[in-house]
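These are my notes from one sitting with a model, kept in the order in which I looked things up.

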Amino acid sequence: MVEGLKGFLYLISNVLILDSRFLALDSWFLILDTLYLFHVNYTTTHNTKTMKELKKEDIDQGVFDLYDAYAHNKLERRQFIEKLSAYAVGGVTVAALMSAMMPNYEDTRTIKADDPRLESNYITYDSPKGGGKIKGLLSTPAGMNGKVPGVVVVHENRGLNPYIEDVGRRTAVAGFISLAPDALTPLGGYPGNDDEGRAMQSKRDRDEMLEDFIAAYEYLKAHPDCNGKIGVVGFCFGGWISNMMAVRIPTLNAAVPFYGGQPSAEEAAKIKAPLMLQFAGLDERVNAGWPAYEKALNENNVENQAFIYPDVNHGFHNNTTPRYDEAAATLAWERTIGFFKEKLG
């Protein structure tokens with residue numbers, strides 16, 4: 001039943017693409033968009049494994065580049081679909097490509113919420129200079145012997161989705177109190193899908209969101225089970241937040257930005273925390289800013305080490321999409337945890 005419906009949707013999407021000359025451009029975009037949303041909602045509801053329909057090696061690098069532009073609000077959905085159609089060849093449809101690129105949260109969780117190795121609960125903390133009251137996932141290691149360090153886990157440009165919650169729990173299992181805030185809280189919180197999450201997050205001022213994560217640092221520092229030493233790890237937008245928290249908080253003990261935007265040279269001069277920076281080799285957009293940032297850090301004697309993982313895309317740590325690279329993600333996370341244990345222990 002499920003496969004039949006999916007096959008029908010893929011067939012219709014191909015017909016629309018091949019015979020678009022019979023439809024006004026706006027009409028076929030609307031129909032394809034509707035079919036895609038129906039397909040995603042259906043497969044999500046029925047827990048089908050969309051990532052298995054197309055393997056990573058079946059997807060052209062151009063598709064990953066288009067998705068990166070779309071995910072960072074450089075392309076609207078209609079533009080994304082239109083450009084994606086160039087890669088719909090050899091029996092591969094636009095709907096199949098879009099479905100493959102979208103996150104699969106059901107089958108990729110590595111730490112369950114009720115894992116006995118930790119306690120994980122949602123809390124609300126004060127962010128007076130930011131969004132007011134912010135919801136976050138607080139995860140603590142089970143059976144703590146004394147106080148332990150804290151780590152703020154910062155989401156991408158779409159709110160506190162299941163992937164970032166999972167990273168928060170991984171951090172707690174490694175021996176840290178983690179707090180993963182949701183910067184979408186003032187707008188109602190993460191809406192349940194990344195497309196809406198991106199649209200919501202674009203409505204918030206990023207400097208105000210930075211205040212929300214600085215407030216998370218203060219919350220952890222004052223936590224009764226925390227030893228007062230705090231680090232931050234963030235991904236994409238969260239990588240920029242991690243860099244900026246290092247700029248803004250002189251007492252921050254460590255920061256690990258994953259493929260994050262860089263501060264200015266003047267801002268970099270204010271950093272006191274040691275940095276470990278993780279970059280994707282194929283991420284030309286973010287990597288272009290690294291040489292100037294590295295120069296500013298070194299000129300100001302800021303402790304830093306950078307790792308560029310060859311032949312992987314922006315988002316390589318995110319195990320819910322085909323951009324994920326297991327070898328690079330595993331190594332980067334091992335380095336991250338080792339860095340935190342060295343600097344926060």
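How many helices and strands does the protein chain have? I count 13 helices and eight strands in the protein chain, and I note at the outset that this is a predicted model.

**Confidence.** I looked up pLDDT before anything else. The protein chain has a mean pLDDT of 89, with 85% of its residues at 70 or more. Among the elements of the chain, helix α1 (residues 2-18) has the lowest mean, 46, while β4 has the highest, 99. Over residues 1-8 the pLDDT is below 50, and I find nine contacts for this stretch in the model beyond near neighbours in sequence. A further stretch, residues 40-52, also stays under 50, and there the model has 19 contacts beyond four places in sequence.

**Whole chain.** Of the 345 residues, 54% count as buried, and the chain exposes about 15100 Å², of which carbon and sulfur atoms supply 52%. When I took the contacts between residues at least 6 apart in sequence, 69% of them turned out to join residues at least 24 apart.

**Strands around β2.** I then followed strand β2 (residues 132-141), in which seven of the 10 residues are buried. Strand β1 (residues 118-127) runs antiparallel to β2 and is joined to it by 10 bridges; the two form a hairpin with four residues between them, and S127 stands opposite G132 of β2. β2 also pairs with strand β4 (residues 177-181), again in the antiparallel sense, over four bridges, and here I noted L179 of β4 as the bridge partner of L138.

Leaving aside neighbours within four places in sequence, I find L252 in contact with Y217, I230, G231, V232, M245, A246 and A273.

**T336.** Is T336 buried or exposed? Its relative accessibility is 0%, so it counts as buried, the cut-off for that being under 20%. T336 is found in helix α13 (residues 326-344), and a polar atom of its side chain lies 2.8 Å from the backbone oxygen of A332. Beyond residues up to four places away in sequence, T336 touches V233, V256, F258, M276 and Q278.

**Positive phi.** Which values does phi take at N73 and at Y259? For N73, phi is near 65°, a positive value in a residue other than glycine; for Y259, likewise not a glycine, phi is positive at about 35°. N73 lies in the loop between α3 (61-71) and α4 (77-84), whereas Y259 has its place in the loop between β6 (254-258) and α10 (265-268). As to cover, N73 has a relative accessible area of 47% and is therefore partly exposed, while Y259, with a relative accessible area of 1%, is buried.

Definitions and conventions:
Residues numbered from 1 in each chain as written. Predicted model: local features only at pLDDT ≥ 70, side-chain atom pairs only at ≥ 80, totals over all residues. Heavy atoms only, no water. Buried < 20%, exposed > 50% of the residue type's maximum accessible area, 1.4 Å probe, protein only. Pairing = 2+ DSSP bridges. Contact = heavy atoms within 4.5 Å. Areas by Shrake-Rupley, 256 points an atom, 1.4 Å probe, with all protein chains shown as cover. Polar contact = N/O pair within 3.5 Å; in protein donor to acceptor, adjacent residues only side chain to side chain. pLDDT = per-residue confidence, 0-100.
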